[in-house]
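Thanks for making time this morning. I would like to walk you through one model, and I will give the cut-offs for each term as we come to it.

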Amino acid sequence: PFYREALKAGLRPILGAELYLEAPKGESPYHLLLLAEDNVGYHNLLQLVTKGHLEGFHKKPIIKKQWLAAHSQGLVALSGCLQGEIPRLILAAEEGRTTPEEALRATGEMKEIFGRDRFYLELQYHGLPEEKKVNRRLLSLSRKLSLSYAATNDTHYLKRNQASAHDLLLAVQALSSLK
C-alpha cells in the first residue's frame, strides 16, 4: 500500500530495511541500512531478511557478510549509525582496542561487495561527541577510497506520539513483551 500510494502521489518510494550484520562472537550485531534501487534489489532485500530470520536468528534476525555478497545486486548500502561496523571499528581504534586499519579494511570489504556507486558512508550528528570523531574519520575514508557519503538522521518515527508503536515493533522483533 505504501508503494502504490507514493506512486499515485507522484513520489518515488524507496524501500529498504535496517538489518543486523553478524559481528565477532560476544559483540552485539552491527547495524546496516540497505535500500532497494530496483526490483532485483527488492527481491535480494527480501532474501536477506528471510535468511536472517530463518538461518541467522539469535535473539534477532542477523545476516552474514557472505549473504550480502551473494545478494547485493540492486541494493544500495549505507554504513550505519554509531552501531554500524565501520563506526564501531573507528571508535574501537580511538580507544586503542584495534587499529585504524580495521575500519579501512571493513570499508574496503563493503566497497567490494556493493561497488563504489552503491555503498555510502553514513554521516549522522545528534549532538553526540562520538559522532564528531566518527564523522571526521568517515570523511577521511571517503577521500582515501573514493566513496560518497550521505548525511542521514537516526529517525524511527515522525511524531513523538508514534513512539509507543515503535516500542511495540521492537518488542515483536525481539520476541519479548512490552515493559
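This is a predicted model: local features need pLDDT of at least 70, side-chain atom pairs count only at pLDDT 80 or more; totals for chains, interfaces and linings use all residues.

Residues are numbered from 1 along each chain as its sequence is written, and side-chain values use heavy atoms, with hydrogens and water left out.

Let me begin with the sheet, where strands (E, at least two residues) and helices (H or I, at least four) are DSSP runs numbered from the N terminus, and two strands pair if DSSP finds at least two bridges between them. Six strands form an open sheet with mixed pairing, in the order 3-1-2-4-5-6, and its edges are strand 3 (62-63) and strand 6 (148-151), each of which pairs on one side only. Strand 1 (residues 16-21) and strand 2 run antiparallel and are joined by six bridges, with Gly16 standing opposite Leu35 in strand 2.

Now to the cavities. A cavity is, on a 1 Å grid over the protein atoms alone, a set of points where a 1.4 Å probe fits but cannot get out, and its lining residues have an atom within 4 Å of a point; grid points are joined across faces, edges and corners, and the volume is the space filled by probe spheres set on the points.

The structure holds two cavities of 30 Å³ or more. About 60 Å³ lies in the largest cavity, whose lining includes Leu21, Tyr30, Glu85 and Phe119. Strand 2 (30-36) and helix 4 (85-94) each supply at least two residues of that lining, and the largest share, three residues, comes from strand 2.

The second largest cavity has a volume of about 50 Å³, and its lining includes Cys81, Pro87, Glu131 and Asn135. Here the largest share, three residues, comes from helix 6 (residues 129-145).

Beyond its neighbours within four places in sequence, Ser28 is in contact with Ala23, Gln83 and Arg88, contact meaning heavy atoms within 4.5 Å. Ser28 and Gln83 are 55 residues apart in sequence and 8.8 Å apart in space, C-alpha to C-alpha.

Definitions and conventions: On a 1 Å grid over the protein atoms alone, a cavity is a set of points where a 1.4 Å probe fits but cannot get out, and a pocket is an open set with protein on both sides within 12 Å along at least five of seven lines; lining residues have an atom within 4 Å of a point.
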